[in-house]
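Dear colleague,

Please find the structure below, together with the sequence. My notes on it follow, and I would be grateful if you read them beside the model.

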Amino acid sequence: MPEADNAEEKSYFEDIPQRNSAFFLKGAGAYDWGMQNRLARVFNPDSGKTVMLAVDHGYFMGPTSGLERIDLKIVPLVPYTDALFCTRGILRSVVPAATRTPNVLRASGGPSILKELSNEQIAMDMEDAVRLNSCGVGVQVFVGGEFETQSINNMTRLVDAGYRVGLPVLGVTAVGKDMVRDAKYFRLATRICAELGAQMVKTYYVPEGFETVTASCPVPIVMAGGKKLPEIDALTMAYRAVQEGAAGVDMGRNIFQSDSPVAMIQAVRKVVHEAMKPEHALELFRTLKSEFTQPVEA
Ligand code: R5P
């Protein structure tokens, strides 16, 4: 027991009202403390943005180019990442538990690239996400796809499970077979995810009207990178997405399939968190690439 506190003078600052500060993230003001705190680990409270690294492709594609050895090629990138988006299998098997980087776990799956991709189911319990100290889970939503309703039902069940433990859900808009990838489609898909409870939404960039996608979605949008582009094009796409309202990126192939992933992720960070112009970020990429040779341990 501590001794009794008999100090005569105490500081109550009676003339200073306690301040209530608004939570920084779009649409997130009404969430409970635990959910806000997890979101504040994914999104940097200073910039309001995130650079998530998506390395979950193996859950339906197997050992994707650049992800053949996640232990050797991706683990060195983790310190430069705001949140690692991966499967629980990869997290447990190769990501050191001593990392300070939060994880967001892929929580849907089922079909491989050999089958109908929209036929996904929930692939993990929320309890396991809590056990793995996750800051969110991600689920694919196939608006316009063959199993549209099933995939939306996967998301809403995860949203309910997430609210029970204070864990946010990332709705990932997958492009349905017969839908055109344009702003009209993404306004529809992202808004459905948000309306049905996703606390954050991942979508692709479109050059025409992306600002209408971010404006009409009441929760933060992060941009998926898509197929590998030349570095300047990927940096330009990330720059435009953020300038047009995205709260950051969740990029995969444009980082891990780059000639220098460790240089590319640092260049993307500058674009996202500091609004560095793409041409300057490309210079930074080239400088870092020339300085850094990624070690591969035998
Ligand atoms: C989506 O289905 C994948 O699981 C990836 O998370 C997503 O495509 C982002 O990666 P990338 O930037 O390579 O498109």
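**Pockets**

Helix 2 (58–61), strand 7 (169–173) and strand 8 (200–204) each contribute at least two residues to the lining of the largest pocket. Please bear in mind that this is a predicted model. The lining of this pocket comprises eleven nonpolar, eleven polar and twelve charged residues. The largest pocket holds about 650 Å³ of space. It is lined by 34 residues, of which Phe60, Gln140, Ala174, Val175 and Tyr204 are the closest to its centre.

For the second largest pocket, the volume is about 300 Å³. Its lining consists of 15 residues, and those closest to the centre are Ala97, Thr99, Asn103, Leu132 and Asn133. Sorted by class, eight residues of this lining are nonpolar, four are polar and three are charged.

**Around the second largest pocket**

Asn133, one of the residues closest to the centre of that pocket, sits in the loop between helix 5 and strand 6. Its phi is positive, about 55°, although Asn133 is not a glycine. Most residues other than glycine have a negative phi. Is Asn133 buried or exposed? Its relative accessible area is 53%, so Asn133 counts as exposed, the cut-off being over 50%.

Leu132, also among the residues closest to the pocket centre, is in contact with Arg92. Arg92 belongs to helix 4 (residues 88–94). With a relative accessibility of 46%, Arg92 is classed as partly exposed.

The largest nonpolar core has 89 residues, and within it Ile74 and Val268 touch the most other members. Helix 11 makes the greatest contribution to this core, giving eight residues. In soluble globular proteins, nonpolar side chains tend to be buried together. When residues up to four places away in sequence are not counted, Ile74 touches Leu53, Val55, Gly66, Leu67, Arg69, Leu84 and Phe256.

Leu84 is also among the contacts of Val104, a residue of strand 3 (residues 103–106). Val104 has a relative accessible area of 0%, and is therefore buried, the cut-off being under 20%. Leaving aside neighbours within four places in sequence, its contacts include Val42, Met52, Ala83, Phe85 and Cys86. Cys135, Gly136, Val137 and Gly138 are also in contact with Val104. Of these residues, Gly136 is 32 residues from Val104 in sequence, with a C-alpha to C-alpha separation of 4.6 Å.

The buried residues of helix 6 are Ser151, Ile152, Asn154, Met155, Leu158, Val159, Ala161 and Gly162. An α-helix has 3.6 residues a turn, so residues three or four places apart point the same way. The partners against which the buried residues of helix 6 pack are helix 1 (33–42), strand 5 (121–122), helix 5 (126–131), strand 6 (137–141), strand 7 and helix 7 (183–195).

Helix 9 (residues 231–243) has 13 residues, which at 1.5 Å a residue should span 18 Å; the distance between its end C-alpha atoms is 18 Å, in agreement. Buried in helix 9 are Glu231, Ala234, Leu235, Thr236, Met237, Ala238, Tyr239, Ala241 and Val242. These buried residues pack against helix 8 (210–216), strand 9 (221–224), strand 10 (248–251), helix 10 (253–256), helix 11 (261–274) and helix 12 (278–291). Gly245, which follows helix 9, has a positive phi near 110°.

**A further positive phi**

The loop between helix 11 and helix 12 contains Ala275. Phi of Ala275 is positive, near 55°, in a residue other than glycine. Ala275 is partly exposed, with a relative accessible area of 39%.

With kind regards

Terms used:
Residues numbered from 1 in each chain as written. Predicted model: local features only at pLDDT ≥ 70, side-chain atom pairs only at ≥ 80, totals over all residues. Heavy atoms only, no water. Helix = DSSP H or I, 4+ residues; strand = E, 2+ residues; numbered from the N terminus. Expected span 1.5 Å × (residues − 1). Buried < 20%, exposed > 50% of the residue type's maximum accessible area, 1.4 Å probe, protein only. Contact = heavy atoms within 4.5 Å. 1 Å grid on protein atoms, 1.4 Å probe; cavity = no way out; pocket = protein on both sides within 12 Å on 5 of 7 lines; lining within 4 Å. Points joined across faces, edges and corners; volume = space filled by probe spheres on them. Nonpolar A, V, L, I, M, F, W, Y, C, P; charged D, E, K, R; others polar. Core = buried A, V, L, I, M, F, W, Y, C linked by side-chain atoms within 4.5 Å.
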